[in-house]
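Please open the structure in your viewer and keep the selection tool at hand.

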Amino acid sequence: MKAIVSVDLNWGIGCGGQLLERISPDMKQFKQKTLNKVVVMGRETFESLPKMEPLKERINIVLSKDNSFNNDKVVICRSLNQLFNELLKYNTEDVFVIGGQSVYEQLLTYCTKVYITKIQKEYRADKYFVNLDEDKNWELVTESELHEYNNIKFSYATYVNKDYYKL
Ligand SMILES: NC(=O)c1ccc[n+]([C@@H]2O[C@H](COP(=O)([O-])OP(=O)(O)OC[C@H]3O[C@@H](n4cnc5c(N)ncnc54)[C@H](OP(=O)(O)O)[C@@H]3O)[C@@H](O)[C@H]2O)c1
């Protein structure tokens with residue numbers, strides 16, 4: 001499986017239950033990468049989606065231990081074990097972990113690759129992604145040139161899990 005995330009200069013990913021920034025071309029590339037695939041997210045991230053609607057044309061899997069959380073339009077898994085059983089149905093290459101912090105933290109070691117949009121700005125944040133530049137198991141393999149949208153500079157980076165490939 002892979003993860004996909006956007007981070008600021010401090011590896012911040014969210015604040016007050018929302019994204020730090022919405023960058024239209026980044027949203028497009030997120031859609032292009034995940035379309036017709038399986039996306040795995042935590043309940044908080046699901047509830048932050050516009051109108052709390054599942055992402056279209058993707059299989060949406062939501063992690064929640066809260067039995068009062070139910071939704072016919074998504075697959076709900078109550079534990080990591082349940083998630084891993086559910087994921088047996090799919091090609092692991094088609095599975096994308098899409099956040100938030102708690103779900104990235106739990107699933108990062110199972111990811112072969114992370115697609116990171118690096119926003120060249122600092123925001124007030126209360127949720128973070130692991131700083132992969134400080135993690136010897138992860139290696140930066142590609143980074144695009146700087147793009148600009150609404151005066152915000154950002155780049156697309158790919159990190160691979162060296163430890164995973166050794167298995
Ligand atoms: N920058 C980005 O790319 C990006 C991407 C996604 C999200 N975000 C941001 O990240 C923030 C949300 O992150 P978060 O860490 O607060 O929440 P989250 O990871 O989206 O969701 C947390 C919830 O997921 C459920 N959960 C987590 N692990 C579970 C497990 N092993 N088994 C069953 N349920 C489990 C629990 O739900 P219950 O409480 O229902 O049990 C938990 O409260 C928001 O600000 C969002 O905008 C940013």
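A polar contact is a pair of N or O atoms within 3.5 Å; within protein, one atom must be able to donate a hydrogen and the other to accept it, and residues adjacent in sequence count only if both atoms are side-chain atoms. This is a predicted model, in which local features need pLDDT of at least 70 and side-chain atom pairs count only at pLDDT 80 or more, while totals for chains, interfaces and linings use all residues. Residues are numbered from 1 along each chain as its sequence is written, and side-chain values use heavy atoms, with hydrogens and water left out.

**First stop: the ligand**

Select the ligand together with Gln-101, where a backbone N or O atom lies 3.2 Å from an oxygen atom of the ligand.

**Second stop: the nonpolar cores**

A nonpolar core is a set of buried Ala, Val, Leu, Ile, Met, Phe, Trp, Tyr and Cys residues joined through side-chain atoms within 4.5 Å; buried means under 20% relative accessible area, exposed over 50%, and partly exposed in between, with a 1.4 Å probe and protein chains only. Now select Val-114, Ile-116, Phe-129 and Leu-132, which touch the most other members of the largest nonpolar core, a set of 27 residues. A second, separate core has 14 residues, and Ile-4, Phe-30, Ile-76 and Tyr-115 are among them.

Return to Phe-129 and, leaving aside its neighbours within four places in sequence, look for its contacts (heavy atoms within 4.5 Å), which include Val-5, Trp-11, Tyr-104 and Ile-116.

Most residues other than glycine have a negative phi, and most peptide bonds are trans. Select Gly-99 and Gly-100, and you will find that the peptide bond from the former to the latter is cis, with omega near 0°.

Finally, select Asn-150, which has a positive phi of about 50° although it is not a glycine, and Asn-151, which is likewise not a glycine and has a positive phi of about 65°. Are these residues buried or exposed? Asn-150 is exposed, with a relative accessible area of 60%, and Asn-151 is exposed as well, at 69%.
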